[in-house]
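Please find below a note on the structure shown here.

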Amino acid sequence: MLKSLLEAPKAISPEDGYFLAAQQIAFTLCRDAVWADEHCNWLGWSMVPLGPKNLPVYSNCEANIYCGTAGISIFLAHIQNLAPDDVIFDTLSGALKHAIHYADFYGIGYFTGKEGIASALITAGYLCEQPAWIDTGRDIIVKSAKEIDPASIGHKQLDMIGGLAGVIPLYLHYAKLFDLKFLHNKAVELGKCLIAKSHQDVSGISWPSEMPRTANLTGYAHGTSGILSALIDLHKATNDPVYLDVAAKTLAYERNSFDTASQRWQDFRIKEIDPALASPTANGTPAAPHIMQAEVSDVSQPVAWCHGALGIGYARLRCLETPLETTKCRDEIELVRKLAQGLLKTPRTAGDFGLCHGLCGAADFLLETDRCFKTTASETAKDSIADFGNLIREWSHSGLPWPCGVDDQGDNPTLLQGTAGIGMTLLRMTNSDKISSPLVISAASS
């Protein structure tokens, strides 16, 4: 009964090479877990801000989806659903207990907030037939929704990775799943807040953030593409044309950032800040991040989920579900597909296999386009996906540390930057129609 509410694979051959490689990653995670009573966590490399730079630090994981136990739990739950094992179940339970313990320490958000922890509990609960996990996740979602005051929402609480754009689809999804009209109404209230926080000019509609930048950001994790996806969910849930109108103008802003020479979208982040420019102004107030101009800007055109083409491609796939679907959207998707295939031709000395800004993110996008277009890999990117899958399987037998999302460092166990995400990609290699992308948040599949 519980499994029927959440699509999951029912039959995978134990001889399947991708699955066996994913299972090996799961058992390695179980081996490396660090226990305290009934809770477990992991150690790994992460990037920590120190002054104007981010530096690699070896430390314990957090509790969230992006870089913590909640995200690792999602991968372990899928493995447990496919091939039940007592060790994996015990490790999954310990990871969820750690995530629950720290949920109240987080703000709102899916990838970096408490809603993501709740979603991991609910997902694992359905996959592993554990009603108590579902109940706990639902309680966290409801409690957080009741506590959110739209008047207190700031610029750092708008995007997909840790703000309203990730929360709104979850609320809409769980409003239906648990028949909670309150969550639907809250999502609509937050949607109005999101629009009120927008900025409109001749180039379109965009949103501010606290990230240093030369212009409002594009892309999925922190910019316009992630917010565009939330607007699409709101339109589908309410039929309110306002959301579609804002979504169209958001598309316009992002398209105005497209560089025809490189055939990519501009990334307006400022990678490193000159401390002198970040010092207080004459009246004693700090300089605003968005006015640190081009002399300290490192404008680029990345191909990644977090910033750049891949994340923008995911948003264009969402546009196919709406009147925003145009030939131009499909052309943009095809462009991103070619960029993703190019990444997967990277030599075997690749520095990052992760989902967020590595090769698994490119593979996941190709798998997602196949699913959305109802095609098979043989008709689209079979060779790229198969070659990359073989590379992952070979690496799993090498005994070498996985190239993860913290450059030039060792293993990272997490979902978005490390081995849990690599394992999820392996599972999706043959089951992308049944296992949702961990990079896409929508009211239909959250």
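**Note on the predicted model**

1. Helices H1 and H14 run roughly antiparallel to each other, a label for angles over 145 degrees. In this predicted model, the axes of H1 (residues 17-32) and H14 (residues 419-428) cross at roughly 155° and come within 8 Å. Axes are lines fitted to C-alpha atoms, for helices over the stretch in contact, with angles running from 0 to 180 degrees between N-to-C directions. Helices are DSSP runs (H or I, at least four residues), numbered from the N terminus.

2. The crossing of H1 and H14 is left-handed, meaning that the near helix is turned anticlockwise from the far one by less than a right angle. From H1, Tyr 18, Phe 19, Ala 21, Ala 22, Ile 25 and Leu 29 meet residues of H14, including Ile 422, Gly 423 and Leu 426. Contact here means heavy atoms within 4.5 Å.

3. The whole structure holds 20 salt bridges (a side-chain nitrogen of Lys or Arg within 4 Å of a carboxyl oxygen of Asp or Glu). In one of them, Glu 147 pairs with Lys 114, with the closest N and O atoms 4.0 Å apart. This pair links distant parts of the chain, 33 residues apart: Glu 147 is in helix H5 (residues 131-147) and Lys 114 in helix H4 (residues 114-127). Glu 147 is partly exposed at 47% relative accessible area, whereas Lys 114 is buried at 10%. Buried means under 20% relative accessible area, exposed over 50% and partly exposed in between (1.4 Å probe, protein chains only).

4. Salt bridges with shared partners join Asp 104, Lys 114, Lys 143 and Glu 147 into one network.

5. Glu 321 forms a salt bridge with Lys 236, with a closest N and O separation of 2.8 Å. Glu 321 lies in the loop between helix H10 (309-319) and helix H11 (327-343), and Lys 236 in helix H8 (residues 224-238), so the bridge ties together parts 85 residues apart in sequence. Both are partly exposed: Glu 321 at 42% and Lys 236 at 43%.

6. The average pLDDT (the predictor's confidence in each residue, from 0 to 100) is 86, and 86% of the residues score at least 70. Residues 1-15 have pLDDT below 50, and pLDDT stays under 50 over residues 273-299.

7. Residues are numbered from 1 along each chain as its sequence is written, and side-chain values use heavy atoms, leaving out hydrogens and water. Local features need pLDDT of at least 70, side-chain atom pairs count only at pLDDT 80 or more, and totals for chains, interfaces and linings use all residues.

Note on methods. Helices (H or I, at least four residues) and strands (E, at least two) are DSSP runs, numbered from the N terminus. Angles under 35 degrees count as roughly parallel, over 145 as roughly antiparallel, 65 to 115 as roughly perpendicular and the rest as oblique.
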